[in-house]
Amino acid sequence: MGMMLKAEGLRKSYGAVEAVKGIDFTVDEGEIFALIGPNGAGKTTTLRIVATLLTATAGTVTLLGHDLRKNPEKFRENISYLPEEAGAYRNLKGRDYLKFMANFYAATPADAAGFVRRAEDIAGLGDRLTSKVGTYSKGMVRKLLLGRALMTRPALAILDEPTSGLDVINSLEVREIIKRFAKEGISVLLSSHNMLEIEFLSDRVALIDKGRVLDSGTPAGLKEKYRAPNLENVFRSALR
Amino acid sequence: MKKFRNLFVKEVKELLSKQLIVSLLLMMAMFYFIGLMTRREAERAAAAQKIAVFDLDRSGLSGQMLAGLQGMNFKIEPMTAATTEAAVEAAKAGETNLLVVIPAGFGESVGRMEPKVVETYSFLRNFSIVGARTSAIVRAVLEAINKVLSDNFLKAKIPETAPEDIKSPIKSRDFIVIKSRMAEGSASAVTGFVTSQTVFIPVILMMIILYSSQMVISAIAMEKQNKTLETLLTVPIPRTSIVAAKMLASGFVGLVSAFIYMVGFRSYMGGFTGDIANAPGIGQVVQKLGLTLNANALIILGASLFFAILCALAMATILGVLAEDFRSAQSLIMPMLILIMIPYFVSMFADVKTMSLPVKLFILAIPFSHPFLAMQNIYLENYNAVALGVLYMAAFFGVMVFLAGRIFSTDRVLTMKLRWGKKKVVL
């Protein structure tokens, strides 16, 4: 597996507040890499920097050799971002939303149709795709957005709290979809404060607190290192 | 281009909601209906007015007077009753709004040049335009009676001179001069005509600017509120295209909305201004004075309006970034509203040229002032002032687009918020 994404010395300040204080990590091809930590740890800020939404105060990010600062357009062609609590255009029908998003990535109408079909499979919303997004439940919107995020088979999918606000069944389905796409070669960078979910999903994790990486490794390796039964205990031990 | 079109079409679809279309059509229908009613009322008011006349005199003079009134487009309806009170009651039950009572001995008294009282009874049946015309009719009838009587008297006493020459020995010829052009006519009539033709310009401008600005601000605020902006900013399309698509779509929908609004408004206003525009003779005077818009003038005026709209869209884009949600977007239209209302009222009630220099500079610094002043300047052949205004707006637009582009190209588009006294930090 080759290296897909490399982040070095990432820093981000908002005025006097430094949200990210020098973070390094890499994501390999087909790997699910997770940032875990409590609220306000700097996970979302880090994901937003990689998603080209925020400009890092310092540090570099490269994806497939493209520098984010120098070539953000090229970066965007290869990523797909699913923000936490993201929404879709309420006045558009589900299928129209997918078509709208597919047209940004597709070179031909046939490509766009293929992307939409894949998104429909992922979302599994059936006939409800002909209804307006405004009529969807939170779980349905999340599935639609996950379909949108993965339909183009991006080099890197950035998923911020992918199961946020979902019930148990929907969460399980979303996790299985993410696993399946990673196996097909899509790299995934995700964040969550649900450490049990991360343990199930991730190949490697980075423990983040107050804008710094406390430790990183495979879930099994970290549990062994800290002699802990799960990642929650690992995190507590790492904080000490 | 394909991606831009994709985004532009989505923006237009989002803006052209069913609610907007229905409200615009309802507004147009309402204006059309009111305009139609007003026109009908005005036509009725302008038609020959019926006057009930209770002639207790029945002399030759009273007959002459009634013939004179008929010649002045009044339709006479003679009343037969035992007393004046009975005549009043009968007229009240009828359809006429005015009853004139000519007293007995009227002809004899007037023949001796002794004033005689003619009673008029106005029946105010409503307070519409037609109802209000009743008082005007009373005055017109009395003036007409006096004219007929005095003309008859003067003709009898001084047959060799026309009564009009005796009553108005001083005649006048009125000329209007605008720059190098001159025409004979009434200044007030020409001013009224020009005003009736140009009254729509500031209203159109104000509507377009407000509609478009509100749409841009709301479009960006809704993207923020529905959490769709973050996704949109990560798709492979230049940020400047996102800004341009929102601005163009809002401008397009704003123009369509304003057009529909103005069709209705014009129909509505036509009820009031139709008389002036159709006044005989005015057209020739206006033509001679050059107070008509030729192709070049329309192009200059169009350019002025176009750049004003662009300035508004660019400013609204920046304001939209400051909005946190749809609700806060509503208050962000206020700065735009103030900047539009100032030149709107100044152009209606004041002359910028006579203002002090600081006030004049302040007014001219507002980009929307220039199209408001453009019409007057075009009529007065001040083309340089219009051209300078267009250049200023183009420069202003350039600066605003640069600023909007800068904001959308950086993370300020997500982190900038208008929070009074407290800075928002996003982690």
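1. Chain B puts 26 residues in contact with 34 residues of chain A, contact meaning heavy atoms within 4.5 Å. This is a predicted model, where local features need pLDDT of at least 70 and side-chain atom pairs count only at pLDDT 80 or more, while totals for chains, interfaces and linings use all residues. Residues are numbered from 1 along each chain as written, chains are lettered from A, and side-chain values use heavy atoms, without hydrogens and water.

2. About 3,000 Å² is buried between chain B and chain A, 58% of it on carbon and sulfur atoms. Buried area is the accessible area (1.4 Å probe) that the two parts lose on being put together, summed over both.

3. The rule finds 2 salt bridges across this interface. The criterion is a side-chain nitrogen of Lys or Arg within 4 Å of a carboxyl oxygen of Asp or Glu. One salt bridge joins the side chains of D411(B) and K12(A), at 2.6 Å, N to O. On the chain B side, α1 (2-15), α10 (229-233) and α18 (412-415) each supply at least two residues. α1(B) gives the most, with 6 residues. Helices are DSSP runs (H or I, at least four residues), and strands likewise (E, at least two), numbered from the N terminus.

4. Chain B also has an open sheet of 4 strands, ordered β2-β1-β3-β4, with mixed pairing. Strands pair if DSSP finds at least two bridges between them. β2 (74-78) and β4 (119-122) of chain B are at the edges with a single partner strand each, so one side of each has no neighbour in the sheet.

5. β1 (49-55) and β3 (98-102) of chain B run parallel, joined by 4 bridges. In β3(B), L99(B) is the bridge partner of A52(B).
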